[in-house]
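Dear colleague,

Please find below the structure that I am handing over to you. My findings follow it.

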Amino acid sequence: MQPLVSVIMGSTSDLPIMQRAAKQLEALEIPFELLALSAHRTPDEVAEFARGAEERGVRVIIAAAGMAAHLCGVIASMTTLPVIGVPIDASLEGLDALLAIVQMPPGIPVATVGVNAAQNAALLAAQMLALGDPEIAQRVRAQKASLKEKIVKANKELAQISDYKYKTN
């Protein structure tokens, strides 16, 4: 099985956040790989990965980065594949990473989700893949429908709460 999505993190300290992406991709039955690559500590390996990803069948890259947050942009500079950045809250509540990722220079775009929002990165990757794969598109539609079901169920449960004198529903 070849990965369609690469989930990259600067170090395994990001794994608790990036597992959210892995779990979402797994639920959508999308083959993926998990790798630790550092723009600063393993730049040659990052370049080799980025330049070879498309040839290996990867279609979307999710890259997590905290603090200086160079990994996403470095990868994006070396591939034409879409790169989705996940800013990690490693310092300054992730604001430094968020700003570093969204402030890419012209010609080197990185789609960016919220701080620690690895699940949304996986869903965005799935939606990109769904453009050319009806089976993935159907699974994404089903996942989105399940979100509605959760809210409908939550409202039924909230209606059952009777602890408040002035609650009207």
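Which residue is the bridge partner of Ile84 in S5? That partner is Ala111. The model is predicted, with local features requiring pLDDT of at least 70 and side-chain atom pairs pLDDT 80 or more, whereas totals for chains, interfaces and linings use all residues. Residues are numbered from 1 along each chain as its sequence is written, and side-chain values use heavy atoms, without hydrogens and water.

Strands (E, at least two residues) and helices (H or I, at least four) are DSSP runs, numbered from the N terminus. S4 (residues 83–88) and S5 (residues 111–112) pair in parallel over two bridges; pairing requires at least two DSSP bridges between two strands. Strand S3 (residues 60–66) also runs parallel to S4, joined by six bridges, and Ile62 has Ile84 as its bridge partner in S4. Six of the six residues of S4 are buried, that is, under 20% relative accessible area, with exposed meaning over 50% and partly exposed in between (1.4 Å probe, protein chains only).

The unreviewed UniProt entry annotates Ser11, Asp14 and Arg41 as "binding site"; such annotations use the numbering given here, have shortened feature names and may be inferred rather than shown by experiment. Asp14 lies in the loop between strand S1 (5–9) and helix H1 (15–27) and counts as buried because its relative accessibility is 10%. Arg41, in the loop between strand S2 (32–36) and helix H2 (43–52), is exposed because its relative accessibility is 64%.

Yours sincerely
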